[in-house]
Amino acid sequence: MIHALNVDRPPRSEGRQSLRWLEVATVALCALATVAIIDHVLGIMSPHTVLTEVNDRIAHYRDEDPTVLVLGSSHARTFAVFDDVARRRTNNRVRIVEIPVEWGKLSSYLWTLENRILPLLDERNGDGSLVRPSLREFVLVTEWWDATPPGEGYPPVNLPARSWEWRHFLADVLKHGITPFNRNFLLERWRRLFTFSTIVQDHGHGRIIPDVVETLHPTPPTAAELADLADRREGWSRVIDEGIDNLDSPREWEALERIFAIMTDRGINVTMLLYPRLPSLISQTALEGTLPVFKERAQRYCDRFDVQLIDWTISTPITDEHFHGDFDHITFEGNSLLANWGLDHDFGFLLDSAEDVE
Amino acid sequence: MSLASVGFAFFLPIVFAIYWLGPKRAGWQNSVLLLANLVFYATWSLELFGLVLASTTLNWALARVMDGRVGRARRALLAAAITADVSVLVVFKYLGFLVDSFNAMMGRVGLDAAVPLVYLILPLGISYTTIIRIGYILDVYHERQPAEASWLRHTVFVTNFAHIMAGPVVRAGAMLTQYASPRRLNPADLSAGATGFLLGYTLNAYVASYIGTWYVDPVFSAHSEYSVVAHWIGLIGYAIQIFADFAGYSLMAIGVGRVFGLALPENFRTPYLSTGMLEFWRRWHISLNAWLFDYLFVPWTTGKSWMRGRIGLGFMAVFLVSGLWHGAAWTFVLWGFLHGVALVVQHRWDLFYKGLCRKDRAWVQRRKRLWYTLAGWAITQAFFLLTLLPFRSPSIGFTFDYLQRMFVAEGTLTPNLLSLNFAFCLAILVAWHLADLPQGAWLRPTFARMPAPMRGIAWGVLVVFLGLFVPLGAGAFIYANF
């Protein structure tokens with residue numbers, strides 16, 4: 001016979017209890033201190049950035065009553081710099097709030113607009129007037145990629161992490177249980193609980209160890225690393241070239257149509273911006289294929305809704321040097337350049353947008 | 001949600017706070033636990049928690065009715081309770097398998113049965129809740145345990161979120177008394193619970209995830225592309241993965257129980273140190289094997305039935321049940337059969353050896369020698385390793401194909417063993433087992449005697465290590481599938 005049960009209870013002596021609590025507290029505090037110290041040291045060697053997300057910017061929108069709303073993927077963050085410049089130039093009359101839906105697609109933007117932004121946009125006072133009446137301009141920051149979902153019928157995978165609130169998560173869990181899709185919400189909530197921690201922010205990215213090694217033992221890039229970099233560049237370029245085969249997603253185009261309809265119905269002036277791309281990644285194939293095909297199709301929707309289309313794909317002062325190593329995002333200096341240049345040129349109208357705002 | 005998931009990191013502190021900040025009354029604490037069980041289960045399926053509740057309530061009610069009765073009525077109630085419990089298990093877990101097997105059998109004799117296949121969603125933890133309920137009703141029937149008067153206590157005992165997914169298999173005698181009295185938060189429980197949870201998490205989310213992701217899944221998913229060495233690595237990797245996965249999860253479950261002032265039974269005791277299969281099953285999934293032996297093997301082989309005294313047959317029957325309990329597939333039947341045979345062989349060997357010892361006492365001494373122990377260890381571990389093949393395989397055909405490629409394979413790929421993470425995983429496993437050997441017996445006491453700040457620093461370093469090396473979203477749990 002196997003005796004598996006082990007129900008011996010731990011000794012309970014009131015006299016020992018206080019001593020043991022002190023011991024447990026000491027262990028816990030020392031463990032916490034150790035984690036905090038190591039985390040801090042790792043943070044020095046591998047600094048992390050906490051990016052603004054939909055929830056941060058929605059809270060900002062709630063308090064700010066902006067004159068300009070910008071919606072897009074991570075690229076929309078560029079307009080945080082536009083906001084600084086515009087405020088300076090107009091003495092805070094123009095207020096731009098950008099809402100970046102990281103890893104967004106047009107359908108993600110639509111979901112965010114309908115479920116997170118519209119409740120604020122349409123919120124009314126007791127007398128029927130709008131709570132936030134200042135919004136005049138809406139800018140949709142996009143590019144060809146946003147019209148190419150990974151698979152039809154699949155929900156936009158970035159929504160739980162980027163746009164959901166607890167109520168959306170709980171409703172989905174009640175319907176489907178915890179799934180790989182809605183679990184992303186929890187992972188992101190967890191990450192946001194510890195924005196101060198390098199270790200938590202790095203989890204899943206694996207940047208800390210290489211950064212620490214590089215800090216302690218700096219070495220020039222090896223031939224293999226350089227080859228890898230070249231491969232990545234080539235890969236990116238190829239993705240753009242081949243994007244033309246994947247631009248025909250009814251769901252994403254319907255989302256674009258709906259976004260335009262929602263905003264124009266409210267009398268808001270809408271602009272669609274095709275975001276700048278790293279110039280050297282754009283091949284002749286892309287210039288003759290993916291990019292014009294996408295633009296032409298987007299233009300048709302813009303014409304129907306009287307929306308202005310601004311194409312900055314390769315027509316700005318931005319050069320390769322203004323991009324981060326991910327070939328996708330523009331550096332702070334690049335964004336400053338773009339904001340000043342943009343407000344002097346194509347987006348100059350934003351500065352006049354608040355003229356009738358009280 | 002599993003105990004290693006990020007969802008649990010939100011769930012545990014909330015339940016912990018409500019549980020301990022509320023009144024120190026058993027009724028309150030049990031109510032909080034029941035609600036927590038509901039939420040925990042709802043993260044998988046709220047509807048199917050209704051099924052678990054209904055089965056558990058029926059089990060409780062039948063035990064209550066049985067309590068005052070004797071003779072035929074009592075036996076009928078026992079039969080009704082067990083039939084109800086087993087029926088739910090059969091319908092949800094085995095119906096598809098039975099129909100599939102029936103169709104295949106008819107096909108073999110040239111008949112087209114074509115009974116439609118029905119694969120229902122398997123309610124989470126159904127195998128565990130079923131045997132806990134059957135154990136309870138048998139305890140009440142044999143008067144080892146009075147029928148529990150409180151529905152709440154009985155329901156919490158069966159459905160506790162700490163063990164509902166994968167055990168340990170709890171028993172009424174040990175648990176109901178704990179649920180009957182109010183629990184008080186004490187530092188020893190909190191400390192032991194947190195320690196167990198952290199160590200379990202290390203095994204489950206780090207060792208099992210890493211080994212599974214890099215050395216097991218790739219080989220098993222495309223084994224024809226891998227070399228002979230890779231096939232051995234894949235299988236040994238699986239032995240490491242399944243131990244770390246399950247022992248780790250069990251430790252986490254026990255740790256969680258402890259944090260709520262509940263002592264759950266031990267489930268693993270370094271099984272890879274076993275020198276015989278009987279010993280192995282006393283060290284691996286202890287609570288299940290103890291249940292199988294106490295509730296099936298002992299009554300079958302010592303009762304009044306025709307199986308009385310037929311030890312070998314008892315082993316075979318118990319392990320066939322164990323195999324089927326693990327999964328509704330012929331691979332699990334094969335696995336159970338092989339282990340049944342192994343226990344029969346070992347039992348016969350022990351009887352034979354006893355005979356030798358009676359004739360010549362020198363055999364007693366020989367059994368104590370190192371070479372005998374090492375031979376026993378090697379045979380036991382090699383046997384267990386090879387029987388993991390059907391356990392991991394999707395079909396019997398795959399099992400034999402993989403087995404063949406462990407000796408002759410045309411594939412050329414071999415997983416890279418020269419990795420820092422692999423070295424860490426091995427170091428953790430070695431230290432884990434060393435601590436249970438006489439040579440390493442000093443490890444745990446030495447750590448416990450260290451000044452509290454030193455221990456705190458050590459735990460802190462472990463937390464940082466896990467933060468750096470545990471893959472995002474790790475902590476999937478193989479045994480949840482059973």
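Analyst: Start with B:Trp349. Its relative accessibility is 39%, so B:Trp349 counts as partly exposed. The model is a predicted one. B:Tyr353 has a relative accessible area of 2%, so B:Tyr353 is buried. Buried here requires under 20%, and exposed requires over 50%.

The two residues sit four apart in helix H14 (residues 330-359) of chain B, so about one helical turn separates B:Trp349 from B:Tyr353. An α-helix has 3.6 residues a turn, so residues three or four places apart point the same way.

Across all chains, the count of aromatic pairs comes to 73. In one of them, the ring centres of B:Phe293 and B:Phe315 are 6.2 Å apart, with 55° between the planes, so this pair is tilted. It joins distant parts of the chain. B:Phe293 belongs to helix H12 (residues 286-302) of chain B, and B:Phe315 to helix H13 (residues 311-326) of chain B. The two are 22 residues apart. Both B:Phe293 and B:Phe315 are buried. B:Trp349 and B:Tyr353 also form a tilted aromatic pair, at 5.7 Å centre to centre and 55° between the planes.

Ring pairs also build a cluster. Its members include B:Phe243, B:Phe246, B:Tyr272, B:Trp281, B:Trp284, B:Trp335 and B:Phe391.

Charges meet rings as well. The charged end of B:Arg392 sits over the ring of B:Phe220, 4.6 Å from its centre. In chain A, A:Arg233 lies over the face of A:Phe327, 5.3 Å from the ring centre.

Now the helix. H18 (residues 420-434) of chain B has 15 residues, which at 1.5 Å a residue should span 21 Å. The C-alpha atoms at its ends are 21 Å apart, so the two values agree. The buried residues of H18(B) are B:Asn421, B:Phe422, B:Cys425, B:Leu429, B:Trp432 and B:His433. They cover an arc of only 105° around the axis, so they lie on the same side of H18(B). The face turned away from that buried side carries the exposed residues B:Leu420 and B:Val430.

What covers the buried residues? Helices of chain B are included: H9 (187-221), H10 (228-259), H19 (443-449) and H20 (452-469).

At the N-terminal end, B:Ser419 caps H18(B). A side-chain oxygen of B:Ser419 lies 3.4 Å from the backbone nitrogen of B:Asn421.

Conventions: Residues numbered from 1 in each chain as written. Chains lettered and ligands numbered in written order. Predicted model: local features only at pLDDT ≥ 70, side-chain atom pairs only at ≥ 80, totals over all residues. Heavy atoms only, no water. Expected span 1.5 Å × (residues − 1). Buried < 20%, exposed > 50% of the residue type's maximum accessible area, 1.4 Å probe, protein only. Arc of directions from axis to C-beta. Contact = heavy atoms within 4.5 Å. Polar contact = N/O pair within 3.5 Å; in protein donor to acceptor, adjacent residues only side chain to side chain. Phe/Tyr/Trp six-rings, centres within 6.5 Å; stacked < 30°, edge-to-face > 60°. Lys NZ or Arg CZ within 6 Å of the ring centre and 35° of its normal.
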